[in-house]
Amino acid sequence: MIQSAAPQLFPEHPAPDSAARRRFRALARSAPWLSTSLRLELDVPLIFAQHSLSGTLGMILRGREAVAISDESDSLRYQRELFTADRGRDYVAATESSWKLPASLTYPVYTNDHLIARRPEIDGYQDLLPLDFLQSMLDPYELAGTEPASLDLAFEHPTYIHELAPTRSEHGRAQLSAVLTAGHSYHSSSESFALVPTGTKALIILDLETGICVERRLLDGSQPPLRIAVLAKNEYYIDSLFTVATPTMTDVRAHIPWTVRAQR
């Protein structure tokens, strides 16, 4: 493994061994299988803002099918869902994801500590998420690939793990923190955002309970860090939180304008 000449972030921890690196990579693959819903707090710098979403935001996410985002005043800023999409026979016949996987790969292969050693191809978040970096942060499998490299050799993996340490968030949540650089086989899951850009060294922190990336900070650049706080997981959220309410009655208290045609 390549050792950096720069000062270490975790000098009290020894260089990670093969078992520790395998565990970090398995955790990076596991996020879609570790929770059914998430309640998060996002810190979005202006450089990453889209759809007027920036600053501190609250987000609820139900699986990979629905999201709602609110601002600090609890006003809804964005919502989208995929659960009302057509799932009839025409959809199944026209969607290759319904038949392209062999039966042996439709379920993940688990490690002894119930993380993902090998994962099947999944659709991702499609166009559900409004911010480009969220796809990679919420499912950081790009750090490890969909399966272990041959003989678990570091240079065959998408990223090099220079440092690795167990840490805790300010809320006391258990985490795994790693200093990474991109390898020659690294490919980001988003076309416009990479967790570990080529030629840079990044601090990546994964939440141990959910597998999502809760902090990404470039150590040799001026780009602001990205942070996500996990507030809750596996809460129940009803459909109406993610859909636009349809009015069913006319508000008779409001003035109804009448258009009077001009006489000819």
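Predicted model: local features only at pLDDT ≥ 70, side-chain atom pairs only at ≥ 80, totals over all residues.

**Salt bridges, burial and surface patches**

A second pair is arginine 118 with glutamate 147, whose side chains meet in a salt bridge at 3.1 Å, N to O. Arginine 118 belongs to strand 6 (residues 116–118) and glutamate 147 to the loop between helix 3 and strand 7, so this pair ties together parts that are 29 residues apart in sequence. Arginine 118 is partly exposed, at 36% relative accessibility, and glutamate 147 is partly exposed as well, at 37%.

Because aspartate 139 lies in the loop between helix 3 (132–138) and strand 7 (159–168), and arginine 64 in the loop between strand 2 (55–62) and strand 3, the pair ties together parts that are 75 residues apart in sequence. Is aspartate 139 buried or exposed? With 2% relative accessibility, aspartate 139 counts as buried, whereas arginine 64, at 23%, counts as partly exposed.

Over the whole structure, the search finds 14 salt bridges. Arg173, Asp207, Glu209 and Lys233 are linked by such bridges into a network.

I turn now to the chain as a whole. Its secondary structure consists of three helices and eleven strands, in the order α-β-β-β-β-α-β-β-α-β-β-β-β-β from the N terminus. Of the 264 residues, 42% are buried. Serine 30, in helix 1 (residues 18–34), is an example, counting as buried at 0% relative accessibility. Beyond its neighbours within four places in sequence, serine 30 touches Leu115 and Ile116. Among contacts between residues at least 6 apart in sequence, 59% join residues at least 24 apart.

Finally, the surface. The accessible area of the chain is about 15400 Å², and carbon and sulfur atoms account for 52% of this. Tyr236, Ile238 and Leu241 make a nonpolar patch of about 340 Å². Tyrosine 236 sits in the segment after strand 11 (226–233) and is exposed, at 71% relative accessibility. A patch of negative charge is formed by Glu41, Asp43, Glu72 and Glu170. Of these, glutamate 72 lies in the loop between strand 3 (66–70) and strand 4 (76–81), and its 68% relative accessibility makes it exposed.

Technical notes
Residues numbered from 1 in each chain as written. Heavy atoms only, no water. Patch = residues over 30% accessible without salt bridge, like charges linked within 9 Å, V, L, I, M, F, W, Y side chains within 5 Å. Areas by Shrake-Rupley, 256 points an atom, 1.4 Å probe, with all protein chains shown as cover. Salt bridge = Lys/Arg side-chain N within 4 Å of Asp/Glu carboxyl O. Lys, Arg positive; Asp, Glu negative; His and termini not counted. Charge placed at Lys NZ, Arg CZ, Asp CG, Glu CD. Helix = DSSP H or I, 4+ residues; strand = E, 2+ residues; numbered from the N terminus. Buried < 20%, exposed > 50% of the residue type's maximum accessible area, 1.4 Å probe, protein only. Contact = heavy atoms within 4.5 Å.
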